[in-house]
Amino acid sequence: MAIDECKDIENGLEKPFLENAKIVDCENEDGSIWMVLLSTCVAVCGSFEFGSCVGYSAPTQSEIRNDLNLTLAQYSMFGSIITIGAMIGAITSGRIADFIGRKGAMRMSAIFCITGWLAVYFSMGTLVLDMGRFLTGYGIGIFSYVVPVYIAEIAPKNLRGGLTTINQLMIVCGSSVAYLLGTFITWRNLALTGILPCTFLLVGLLFIPESPRWLAKVGLEKEFEVALRKLRGKDADVSREAAEIQAYVDTLQSLPKTRILDLFGSKYIRSVIIGVGLMVFQQFIGINGIGFYASQTFESAGLSNSNIGTIAYAVVQVPITIVGAFLMDRSGRRPLLMVSATGTFLGCFLTGASFYLKGNDILLEWVPILAVSGVLVYISAFSIGMGAVPWVIMSEIFPIHVKSAAGSLVVLVNWLGAWAVSYTFGFLMAWTSTGTFMLYAGFSVLTILFVAKVVPETKGKTLEEIQAIINS
């Protein structure tokens, strides 16, 4: 949904950051770009917090279950309830950000996350523990919308794509840091580290401007001009950009309002099938089960020190995500998705095979190696394509006046899928570890077929050209 809004503003996510940076150096010699960069750095503290919350459960599972005597069902609820909070947060985020502003929404999210982390830190039983996890989920649900929207609304158009990509990169960095820290410090102290990004965000918000587009939208013309001049430089001529923003806001307000039910008419149904289908497959290839409970997977496979696998998992994510960002507009969306799904199939197959060997006492010395290799292949393949590309395609396939309703629907489906996978993973593993990973491998195969048959290539095409392809 957040990426939808970015596309509404100006076809973001089109060029890599470094490529755009060269252009900006030439066009912003007055140094005003530094306020944009500062504002982006402050905002992506929310993205880092998102990753910290998501990554928290992977390295802490054994310790939390032992300290609080949690059953498998209780820990599964703790691990997955964050997705319920995030789903509610994401659905309400648009209205919140429109009502109290982008900065106000980020401030509110940070307060929810801080409250949640403190509840986790002081918890002595499941009720407070789950409530804390739910509150952090609600906070990151709002972050998932408002951070990329804010970045897209403050950035010059020739830097917008690269800066928006940083949002996804910082989510991965936050998750990786949580994985790494969780192998060295206690679960309670790890919860306290989750407060740090929120603290930096709250302090940073005091020094950065509100989104000019939001100020224009709510009719605060004087504040709108002040914020835009602060972002572009006091001597910059902002009259043309101010006129364009005002025209864009007027156009949005004149477009008809669309309800979610309207999306199921013949005019939009194929776009809905593409968008919802990609989100279903993104979740049901198992990312939130494998990611949330990575340490459990390594322990179950017989790895003597599961921290080794968890650290490797964390280290792999960041560089692969950067590679995926550079490849997105070079290789195209469809090839990247199919290569990514092929890789997740291979990773799940290797991990499932390792549990099959263990269950039948065959080549036991190879079991941990196969399990770690499979999970690393899986997360590498997911990070390069299936993680980000579905959101990019989603942002390109809906007409501008239905993107808000379409974004709500897709976010709802995505978080419901995330909850279903993260909640059932522990039970599936207890039932049949081999079958769990083979199930995810099967969904990876279905993903390849779905992309090949249904998903159009959107690389290098205008939104109008994409609509023509879909409607044909």
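**Close-up 1. The buried residues of helix H9.** In this predicted model, helix H9 covers residues 195-204, and its buried residues are Ile 195, Pro 197, Cys 198, Leu 201 and Gly 204. What sits over them? The cover includes helix H3 (33-55), H5, H6 and helix H8 (187-193). Two of these names, H5 and H6, come back in the next views, where H5 holds Asp 98 and Arg 102 and H6 holds Glu 153.

**Close-up 2. Asp 98 and its two salt bridges.** Side chains of opposite charge can pair when their charged atoms come close. Here, the side chain of Asp 98 meets that of Arg 102 in a salt bridge, at 3.0 Å from N to O. Both residues belong to helix H5 (residues 72-122), where they are 4 residues apart, about one turn of the helix. Asp 98 also forms a salt bridge with Lys 217, this time at 3.5 Å, N to O. Since Asp 98 is in helix H5 and Lys 217 is in helix H10 (residues 212-217), this pair ties together parts that lie 119 residues apart in sequence. Are these partners buried or exposed, or something in between? Asp 98 has a relative accessibility of 30%, so it counts as partly exposed. Lys 217 is also partly exposed, at 37%. Arg 102, on the other hand, is buried, with a relative accessible area of 2%.

Close-up 3. Now look at Glu 153, whose side chain meets that of Arg 102 in a salt bridge at 2.8 Å, N to O. This pair links distant parts of the chain: Glu 153 is in helix H6 (residues 126-154) and Arg 102 is in helix H5, 51 residues apart. Glu 153 counts as buried, with 6% relative accessibility. How many salt bridges does a search of the whole structure find? The search turns up 3. Through shared partners, salt bridges join Asp 98, Arg 102, Glu 153 and Lys 217 into one network.

**Close-up 4. Helix H13 against helix H19.** Helix H13 (residues 269-284) and H19 have axes that come within 10 Å and cross at roughly 170°. The two helices are therefore roughly antiparallel to each other, and H13 passes H19 in a left-handed crossing. Which residues meet here? From H13 there are Ser 271, Ile 274, Gly 275, Leu 278, Met 279 and Gln 282, and from H19 there are Pro 390, Trp 391, Ile 393, Met 394 and Ile 397. By class, the residues of this contact split into 8 nonpolar, 3 polar and no charged.

**Close-up 5. Helix H19 against helix H20.** Helix H19 (residues 389-397) also packs with helix H20 (residues 403-431), at an angle of about 155° and with the axes 10 Å apart. That makes H19 and H20 roughly antiparallel to each other, too. Is the crossing left-handed or right-handed? For H19 and H20 it is right-handed. On the H19 side, Trp 391, Met 394 and Ser 395 take part, and they meet Lys 403, Ala 406, Gly 407, Val 410, Val 411 and Asn 414 in H20. This contact has 5 nonpolar, 3 polar and 1 charged residues.

**Close-up 6. Phe 284 and its contacts.** Back in helix H13, we find Phe 284. Phe 284 counts as partly exposed, with 28% relative accessibility. What does Phe 284 touch? Leaving aside neighbours within four places in sequence, Phe 284 is in contact with Gly 417, Ala 420, Val 421, Tyr 440 and Phe 443. Phe 284 and Asn 414 are 130 residues apart in sequence, yet their C-alpha atoms are 9.8 Å apart in space.

Close-up 7. Is Ser 354 buried or exposed? With a relative accessible area of 0%, Ser 354 is buried. Not counting residues up to four places away in sequence, Ser 354 touches Val 367, Leu 370 and Ala 371.

Methods. Residues are numbered from 1 along each chain as its sequence is written. This is a predicted model: local features need pLDDT of at least 70, side-chain atom pairs count only at pLDDT 80 or more; totals for chains, interfaces and linings use all residues. Side-chain values use heavy atoms; hydrogens and water are left out. Axes are lines fitted to C-alpha atoms, for helices over the stretch in contact, and angles run from 0 to 180 degrees between N-to-C directions. Angles under 35 degrees count as roughly parallel, over 145 as roughly antiparallel, 65 to 115 as roughly perpendicular and the rest as oblique. A crossing is left-handed if the near helix is turned anticlockwise from the far one by less than a right angle, and right-handed if clockwise. Contact means heavy atoms within 4.5 Å. Ala, Val, Leu, Ile, Met, Phe, Trp, Tyr, Cys and Pro count as nonpolar, Asp, Glu, Lys and Arg as charged, and the others, Gly among them, as polar. A salt bridge is a side-chain nitrogen of Lys or Arg within 4 Å of a carboxyl oxygen of Asp or Glu. Buried means under 20% relative accessible area, exposed over 50%, partly exposed in between (1.4 Å probe, protein chains only).
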